[in-house]
Amino acid sequence: MVLDLSSMNFVPNFVSNFEFLHLPLNLLINSAGRFCYERAISEDGMEMTFATNYRGHFLFTKLLLNKMIETAKSTGIQGRIVNVTSNIHSRLSGDVIECLGQISQSNREYDATRAYTVQLAHRLQEMEANVTVNCVHPRVVKTKLNRDREGFVIGAATSCKVAANRSVDNVNGKYFADCND
């Protein structure tokens with residue numbers, strides 16, 4: 001199935017088509033990413049990197065959350081949401097709202113995934129849902145996102161660990177890098 005996370009119309013259509021298949025959903029890895037070297041705008045008028053990497057993932061997860069909770073309840077298998085992010089957020093300091101405002105005014109990137117992950121973890125706990133959410137910095141993975149960068153290939157071990165390793169059972173709202181939290 002094709003998904004365009006930059007389009008706030010495409011995401012709900014995708015979710016509707018997925019739900020029509022009546023498949024279980026225990027694992028959601030939000031790993032799609034886009035980095036624009038020049039300013040680009042989505043069809044919804046948002047800065048493209050923000051629309052794809054944050055807003056699209058947020059809407060996608062929100063629309064699939066009930067399906068994940070239902071699947072975990074019916075199967076007894078804990079659901080896991082893994083938000084793949086980057087450590088670029090460590091380069092930013094100051095007020096989150098100020099950083100968000102800078103997105104539309106410059107090419108400076110902001111990654112709000114970590115704050116979103118912690119908030120979602122709290123809400124899942126309040127709902128007593130058998131679903132966890134964590135975020136990971138995968139290091140550098142050879143994808144089209146970094147196709148202009150040669151020689152940097154590390155892998156996705158951290159994403160795989162957080163998605164499937166039993167040592168991460170019931171771990172919620174954490175940030176992982178290099179297979180550690």
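Which exposed residues does the face of helix 5 turned away from its buried side carry?

## Helix 5

The structure discussed here is a predicted model. In this model, the face of helix 5 that points away from its buried side carries two exposed residues, C160 and A164. The buried residues of the helix, which runs over residues 157-164, are T158, S159, V162 and A163. They lie on the same side of helix 5, because the arc they cover around the axis is only 130 degrees.

What do the buried residues of helix 5 pack against? Their partners are strand 1 (27-30), strand 2 (79-84), strand 3 (131-137) and strand 4 (175-177).

## Helix 1 and the residue after it

Helix 1 can be described in the same terms. Its buried residues are V11, F14, V15 and F18. These residues cover an arc of only 100 degrees around the axis, so they sit on the same side of helix 1. Helix 2 is included in what covers the buried residues of helix 1.

Just after helix 1, H22 takes a positive phi of about 55 degrees. The value is positive even though H22 is a residue other than glycine. H22 has its place in the loop between helix 1 and strand 1. Is H22 buried or exposed? H22 counts as exposed, because its relative accessibility is 65%. From H22 to K67 there are 45 residues in sequence, and the two are 9.6 Å apart in space, C-alpha to C-alpha.

In soluble globular proteins, nonpolar side chains tend to be buried together. In this model, the largest nonpolar core has 23 residues, and those that touch the most other members are F60, L64, I81, L120, L124 and V131. Helix 1 (10-20), helix 2, helix 4 and strand 3 are the elements that give two or more residues to this core. The most comes from helix 2, which gives 7 residues. There is also a second, separate core of 8 residues, which includes V136, V162, V168 and V171. Among these, V162 is also one of the buried residues of helix 5.

F60 can be looked at on its own. Which residues is F60 in contact with, leaving aside its neighbours within four places in sequence? They are L3, L5, V11, F14, V15, L28 and N30. Of these, V11, F14 and V15 are buried residues of helix 1.

## The second largest pocket

Rolling a probe the size of a water molecule over the atoms shows where empty space is left. The second largest pocket has a volume of about 200 Å³. The elements that give two or more residues to its lining are helix 2 (48-75) and helix 4 (113-126).

The residues that line this pocket are F58, T61, K62, L65, Y116, Q119, L120, R123 and M127. By type, the lining divides into 5 nonpolar, 2 polar and 2 charged residues. One of the lining residues, L120, is also among the residues that touch the most other members of the largest nonpolar core.

## From helix 4 into strand 3

E128 lies in the loop between helix 4 and strand 3. It has a positive phi of about 55 degrees, although it is not a glycine. E128 counts as exposed, because its relative accessibility is 73%.

T132 is found in strand 3. Is T132 buried or exposed? The relative accessibility of T132 is 4%, so this residue counts as buried. Apart from its neighbours within four places in sequence, T132 is in contact with Q78, G79, R80, I81, L124, N170, V171 and N172. Two of these partners, I81 and L124, are among the residues that touch the most other members of the largest nonpolar core.

## S74 in helix 2

S74 is found in helix 2. This residue is exposed, because its relative accessible area is 62%. How far apart in space are S74 and P24, C-alpha to C-alpha? They are 9.4 Å apart, although 50 residues separate them in sequence.

Note on methods. Residues are numbered from 1 along each chain as its sequence is written. This is a predicted model: local features need pLDDT of at least 70, side-chain atom pairs count only at pLDDT 80 or more; totals for chains, interfaces and linings use all residues. Side-chain values use heavy atoms; hydrogens and water are left out. On a 1 Å grid over the protein atoms alone, a cavity is a set of points where a 1.4 Å probe fits but cannot get out, and a pocket is an open set with protein on both sides within 12 Å along at least five of seven lines; lining residues have an atom within 4 Å of a point. Grid points are joined across faces, edges and corners, and a volume is the space filled by probe spheres set on the points. Helices (H or I, at least four residues) and strands (E, at least two) are DSSP runs, numbered from the N terminus. Ala, Val, Leu, Ile, Met, Phe, Trp, Tyr, Cys and Pro count as nonpolar, Asp, Glu, Lys and Arg as charged, and the others, Gly among them, as polar. Buried means under 20% relative accessible area, exposed over 50%, partly exposed in between (1.4 Å probe, protein chains only). The arc is that of the directions from the helix axis to the C-beta atoms. Contact means heavy atoms within 4.5 Å. A nonpolar core is a set of buried Ala, Val, Leu, Ile, Met, Phe, Trp, Tyr and Cys residues joined through side-chain atoms within 4.5 Å.
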